[in-house]
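Please read the report below alongside the sequence and the model.

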Amino acid sequence: MSTLTTGGPTPARRKSKAGWNLIGLLVFATAGFPVYWMLNTAFKPAKDAIDPDPSLLPTGLTLSNFSRALDIADFWGPVSRSLIVSLAVVVIGMVVGMLAALAISRFAFRGRKVVIVGILAVQMVPLVAMIIPVFLLLNDLGQYDKLSGLIITYLTLILPFTVWTLRGFIVNIPRELEEAAMVDGCSRTGAFIRVVFPLLAPGMVATSVYGFIQAWNEYLYALMLLSQKNQTATVWLGNFTTKHGTEYAPMMAGSTMMAVPIVVLFLLVQRKMAAGLTAGAVKG
């Protein structure tokens, strides 16, 4: 008569688990150290920020760097412009991207595969390669040094990813749900609003967060397409680099303040974002 023994994990499994935990800690430390160093530098005295032998642990806490960051140049103007641009890109991009993704995933039309391949091909073009054509085009259209021109530019950069991502979410929603709603009397539009849209909401949240972060953090196009009076928050950080050197502590304080909207946004939508990423990872 054989007996079944139930015990804890085997030594090999414990070693494997410990190894994966160690790798996870290393990845977390590598990704989190720049954020820690930014916060550490933002709250330390300015003289300690340029110390050739810096300390990993805070040697003193001060809020003077934040006051200096707010005094060195206009802060709320660039931040408000960044918010306007980022929110406009997210709202317009989600509406246009959702309609395009719905057309690609639900309707058969001539050139459909060409459109899909074109969306993928656009994402492979380096952003720096398009800066001169974009500048010339916006200048001809009278959109240079205008937030509307920057919004249009960001939309062309973010829409391919938005369309491709939302297409994946829509494809994973069974057509039978729409057909059942249409049998019950809904129009195609009504079936989409009542059935597909609620299931698509988590994916839209995840995609919109990505678009917001991309628009908020973009630097090159904002630098080249806007003058100093219309600069965004990322370009505003360049005010800390002068002919006398770089004020690292106030710069890190400004970077910390710039990170606050992203952190708040993530905290507000983290549950929906996690659900959207999970839904997009499994084919239903």
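Helix 5 and helix 7 are oblique to each other, because angles under 35 degrees count as roughly parallel, over 145 as roughly antiparallel, 65 to 115 as roughly perpendicular and the rest as oblique. Helix 5 covers residues 112-123 and helix 7 covers residues 147-171. The contact is made by Arg-112, Ile-116, Ile-119, Leu-120, Val-122 and Gln-123 on the side of helix 5, and by Pro-160, Phe-161, Val-163, Trp-164 and Arg-167 on the side of helix 7. Contact here means heavy atoms within 4.5 Å. By class, these residues are eight nonpolar, one polar and two charged; Ala, Val, Leu, Ile, Met, Phe, Trp, Tyr, Cys and Pro count as nonpolar, Asp, Glu, Lys and Arg as charged, and the others, Gly among them, as polar.

The model is predicted: local features need pLDDT of at least 70 and side-chain atom pairs count only at pLDDT 80 or more, while totals for chains, interfaces and linings use all residues. Residues are numbered from 1 along each chain as its sequence is written, and side-chain values use heavy atoms, with hydrogens and water left out.

A second pair is helix 8 (residues 175-183) and helix 9 (residues 188-217). Helix 8 and helix 9 are also oblique to each other. From helix 8, Leu-177, Glu-178, Ala-181 and Met-182 meet Arg-188, Ala-191, Val-195, Val-196 and Leu-199 of helix 9. This contact divides into seven nonpolar, no polar and two charged residues.

The table sets out the geometry of the two pairs. Axes are lines fitted to C-alpha atoms, for helices over the stretch in contact, and angles run from 0 to 180 degrees between N-to-C directions. A crossing is left-handed if the near helix is turned anticlockwise from the far one by less than a right angle, and right-handed if clockwise.

| Pair | Angle | Axes | Crossing |
|---|---|---|---|
| Helix 5 and helix 7 | about 125 degrees | 9 Å apart | left-handed |
| Helix 8 and helix 9 | roughly 140 degrees | within 9 Å | right-handed |

Leu-159 is found in helix 7 and, at 22% relative accessibility, is partly exposed. Buried means under 20% relative accessible area, exposed over 50%, and partly exposed in between (1.4 Å probe, protein chains only). Leaving aside neighbours within four places in sequence, Leu-159 is in contact with Gly-93, Val-96 and Gly-97. Between Leu-159 and Ile-119 there are 8.8 Å in space, C-alpha to C-alpha, and the two are 40 residues apart in sequence.

Thr-162 also lies in helix 7, and with 3% relative accessibility it counts as buried. Not counting residues up to four places away in sequence, Thr-162 touches Gly-93, Met-94, Gly-97 and Thr-207.

Asp-145 is in the loop between helix 6 (131-140) and helix 7. Asp-145 is not a glycine, yet has a positive phi of about 60 degrees. The relative accessible area of Asp-145 is 17%, so this residue is buried.

The protein as a whole has 12 helices and two strands. Helices (H or I, at least four residues) and strands (E, at least two) are DSSP runs, numbered from the N terminus. Of its 284 residues, 36% count as buried. Among contacts with a separation of 6 or more, 73% come from residues 24 or more positions apart. The C-alpha trace spans about 80 × 70 × 30 Å along its principal axes.
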